[in-house]
Amino acid sequence: IVDTLNSVLTQSCLPAEIILINDGSSDEETLFLEQFKHKVTLINKKNVGVSKTRNIAINLANNEWIAFLDQDDLWEHDKIEKQWAFIQKNPHCQAIHTAVKAMRDDKIFAEYKKKTLYLEDFLLTDPNQSYLSSTLIKKELLVKSGLFNPILPYSQDRECFIRCSL
């Protein structure tokens with residue numbers, strides 16, 4: 001989690017707000033996360049699940065755009081800067097994702113350089129179109145689509161993106 005948080009806190013273009021939802025960590029882990037509360041909004045929950053956790057963060061967010069980052073993922077240092085530059089040139093954009101590098105033991109074992117996607121592409125193509133931790137999306141779009149479905153055991157992001165595209 002330290003590396004994950006540092007990949008956010010060292011962005012070349014810092015997010016306006018950072019919300020960290022601690023979903024069911026041990027007492028020791030919860031205590032450890034307290035050191036970050038001066039840099040992030042820290043919310044402690046008791047095992048409400050990934051979809052409810054994301055929905056809580058979305059509802060708490062005060063900004064127009066939402067970026068997600070799971071605890072086992074990292075952002076490149078200029079992720080937000082590059083996405084924001086694209087959005088400034090394309091004001092109609094409602095969601096944007098980046099290429100992804102899959103790593104193990106600090107070694108890249110796969111790179112996913114996806115083509116430009118439009119939300120409509122989620123209705124017509126294979127299920128792995130983008131990765132949630134690479135996505136920047138308008139809060140309004142998520143809210144209007146009904147947020148993440150807490151009943152689904154997996155693929156909640158894909159299902160949410162399909163509803164967003166509709």
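Buried means under 20% relative accessible area, exposed means over 50%, and partly exposed lies in between (1.4 Å probe, protein chains only). The model is predicted: local features need pLDDT of at least 70 and side-chain atom pairs count only at pLDDT 80 or more, while totals for chains, interfaces and linings use all residues. Residues are numbered from 1 along each chain as its sequence is written, and side-chain values use heavy atoms, with hydrogens and water left out.

**Figure 1. Overview of the protein.** Six helices and seven strands make up the secondary structure; helices (H or I, at least four residues) and strands (E, at least two) are DSSP runs numbered from the N terminus. Their order from the N terminus is α-β-α-β-α-β-α-β-β-β-β-α-α. Of the 166 residues, 36% count as buried. The protein exposes about 10400 Å², with 52% supplied by carbon and sulfur atoms; accessible areas come from the Shrake-Rupley method with a 1.4 Å probe, and for residues only the protein chains shown count as cover. Among contacts (heavy atoms within 4.5 Å) between residues at least 6 apart in sequence, 59% join residues at least 24 apart.

**Figure 2. The pair F32 and F36.** The structure holds two aromatic pairs. Rings of Phe, Tyr and Trp (its six-membered ring) pair if their centres lie within 6.5 Å; planes under 30 degrees apart count as stacked, over 60 as edge-to-face and the rest as tilted. F32 and F36 form an edge-to-face pair, 6.1 Å centre to centre with 70 degrees between the planes. F32 is partly exposed, at a relative accessible area of 37%, whereas F36 is buried, at 7%.

Figure 3. F68 lies in the loop between β3 (65–67) and α4 (79–89), and F148 in the loop between α5 (139–145) and α6 (156–165), so the pair ties together parts that are 80 residues apart in sequence. Both F68 and F148 are buried. The charged end of R54 sits over the ring of F148, 5.6 Å from its centre; a charge sits over a ring if NZ of Lys or CZ of Arg is within 6 Å of the ring centre and within 35 degrees of the ring normal.

**Figure 4. K79 and W75.** K79 lies over the face of W75, 4.5 Å from the ring centre.

**Figure 5. The buried side of helix α1.** In α1 (residues 2–9), the buried residues are T4, L5, S7 and V8. They cover an arc of only 155 degrees around the axis, which puts them on the same side of α1; the arc is that of the directions from the helix axis to the C-beta atoms. The buried residues of α1 pack against β1 (19–23).

**Figure 6. Surroundings of Q83.** Q83 lies in helix α4 and is buried, with a relative accessible area of 2%. Leaving aside residues up to four places away in sequence, Q83 touches I96, H97, T98, S134, T135 and L136.

**Figure 7. The sheet β3-β7-β4.** This open sheet of three strands has antiparallel pairing; two strands pair if DSSP finds at least two bridges between them. β3 and β4 (95–96) stand at the edges, each with a single partner strand, so one side of each is left without a neighbour in the sheet. Two bridges join β4 to β7 (residues 136–138), and these strands run antiparallel. A95 stands opposite I137 in β7.
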